[in-house]
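Dear colleague,

Please find below the structure I promised to pass on to you. My findings follow directly after it, and I would be grateful if you read them with the model open.

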Amino acid sequence: MTVHGVPDKFGRALAALFLIAALFLTGCSGPPGPVLGGESPTATPTPGRTEAAHPSAPAPVTDLLITAASIGLRDASGTTLSTFDYFQPAGELVAGLSTAFGSAPTSEHFEGGSEVPPGTNYIWGDILPTGSESPTPWDGDFVLVDGVPGGTSPHEPNTWVKVSSSAVNGVQISTVDGIAVGDDAAEIAARHPDTARPQGSRRDIFVGLVPLPPLDSLSELTFSVWLIAADPLGPITEFRSPSPNWGV
């Protein structure tokens, strides 16, 4: 007996299986479809290499301002980078000045005399012949004098400076009002008539006076910057600071 319709149903089922297989193979071989509900994923960029920040170098010292109270180290903008006074240990001033001038000093010990205690001169720049009016040997363009024993604030400084040049190693050196070695002594004396006086064959001018407290029976004590002109009609040849004036 033949069952009618079985071959037709079997053929249709077989055809359907072939169609499903064809669709499945087509989907596997084609490009990936879009991600539904969002954008296609993209690669995350790798951060670039960054250099660590370096601290800026300190500004170079371009000039020194010498007053009766301190030594100021300044840069090209006029900003004071550091300040030293004459009561600090000499080693601190030597270190600061060596940094400012870019070189270590020449040091010379001296034994002292009847009115000059022993000590050490620290010299930057050229070493110069000692003048007759110099209280210590071993002069130079810039001399830091460290006497022994050390002084006591506020009347006896540990150190003092002697300047015989307007510049050392390219660093300009001046005192109050911009006065420097080489400036006209007569012109400066006219600006400071109360403290300018002849001293033998030279001219002395005292500027930038700093008052000090009385000491025992002495009053009106000051420190100042002592300007010296070897020729009264010539230039300033040297200045020293601090210079004590005890009113006597």
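In this predicted model, the side chains of Asp-204 and Arg-202 make a polar contact at 2.8 Å. Asp-204 belongs to strand β11, which covers residues 202-212. Is Asp-204 buried or exposed? Its relative accessible area is 3%, and the cut-off for a buried residue is under 20%, so Asp-204 counts as buried. Beyond its neighbours within four places in sequence, Asp-204 is in contact with Thr-195, Ala-196, Arg-197 and Gln-199, and also with Trp-226, Leu-227 and Ile-228.

Strand β11 is part of an open sheet of eight strands, in which the pairing is antiparallel and the order is β4-β5-β6-β7-β13-β12-β11-β10. The edges are taken by β4 (106-110) and β10 (196-199); each has a single partner strand, so one side of each is left without a neighbour in the sheet. On average, neighbouring strands of this sheet are turned by 25° against each other, direction ignored. Within the sheet, β12 (residues 221-229) and β13 (residues 238-245) run antiparallel and are joined by six bridges. Ile-228, one of the residues in contact with Asp-204, has Glu-238 in β13 as its bridge partner.

A second open sheet has five strands in the order β3-β2-β1-β9-β8, with mixed pairing. Its edge strands, β3 (80-84) and β8 (167-168), each pair on one side only. Strands β1 (residues 63-66) and β2 (residues 71-74) pair in the antiparallel sense over four bridges, and Gly-72 in β2 is the bridge partner of Leu-65. Helix α2 packs on this sheet, where it touches β1, β2, β3, β8 and β9 (171-174), and its direction makes about 30° with that of β2.

For the protein as a whole, the secondary structure comes to three helices and 13 strands. Of its 248 residues, 35% are buried. Among contacts between residues at least 6 apart in sequence, 46% join residues at least 24 apart. The accessible surface comes to about 15100 Å², and carbon and sulfur atoms account for 60% of that area.

With kind regards

Conventions
Residues numbered from 1 in each chain as written. Predicted model: local features only at pLDDT ≥ 70, side-chain atom pairs only at ≥ 80, totals over all residues. Heavy atoms only, no water. Helix = DSSP H or I, 4+ residues; strand = E, 2+ residues; numbered from the N terminus. Buried < 20%, exposed > 50% of the residue type's maximum accessible area, 1.4 Å probe, protein only. Polar contact = N/O pair within 3.5 Å; in protein donor to acceptor, adjacent residues only side chain to side chain. Contact = heavy atoms within 4.5 Å. Pairing = 2+ DSSP bridges. Axes fitted to C-alpha atoms, helices over the stretch in contact; angles between N-to-C directions. Areas by Shrake-Rupley, 256 points an atom, 1.4 Å probe, with all protein chains shown as cover.
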